[in-house]
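Visitor: I would like a close look at a single part of this structure. Please take me through it step by step.

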Amino acid sequence: MDAGDIAGLIAAGAFLMLVLVLAVPILKLGRTIDATTHAINDVVDRTGPLLTNVNTTVENVNTALTQTQVTLDGVNLQLAKVDTMTEHAQNITANVANLVTVVSAAAANPLVKVASFGYGLRKAAAARRSAEDEREVRAAIKQRRKAAR
């Protein structure tokens, strides 16, 4: 065995040691990849039913939205009827207000005349009473003056 053969054996041994040292991490990496593959498969298996549930939920939401739209259409129809009734009530109120104005104008003129007549009558009666009282006072003053002379 010469030096070249020994160097070849040492190189082969070193290469074998390198392969053995690298085999351990490669085997561990293989296990990690297997575990990752298993985890991904579990996620895929669990995602299917989840997506089915999401689809069912979306269908239920769409059904609820359709029912809500039908309900809103009914409410809008009823609001249109209420608007019509409100319009009629507004017209009736305007007509009653006009009627009250006409009746007030018709009744107010005679009432003002009666009130004015009553006021004038009271003033005249008060003036007459005041004039009588004044005449009596003047007569009394005249008698006092005559008596004092």
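**A pair of charged side chains**

Guide: The side chains of Arg138 and Glu134 are joined by a salt bridge, at 3.0 Å from N to O. The term salt bridge denotes a side-chain nitrogen of Lys or Arg within 4 Å of a carboxyl oxygen of Asp or Glu. This is a predicted model, in which local features need pLDDT of at least 70, side-chain atom pairs count only at pLDDT 80 or more, and totals for chains, interfaces and linings use all residues. Residues are numbered from 1 along each chain as its sequence is written, and side-chain values use heavy atoms, with hydrogens and water left out.

Both Arg138 and Glu134 belong to helix α1, where they stand 4 residues apart, about one turn of the helix. Helices (H or I, at least four residues) and strands (E, at least two) are DSSP runs, numbered from the N terminus. Arg138 counts as exposed because its relative accessibility is 52%, while Glu134, with a relative accessible area of 41%, is partly exposed. Here, buried means under 20% relative accessible area, exposed over 50%, and partly exposed in between (1.4 Å probe, protein chains only).

The structure holds 2 salt bridges. In helix α1, Glu132 and Arg128 are also 4 residues apart, and so are separated by about one helical turn. Their side chains meet in a salt bridge of 3.9 Å, N to O. Glu132 is partly exposed at 35% relative accessible area, whereas Arg128 is exposed at 58% relative accessibility.
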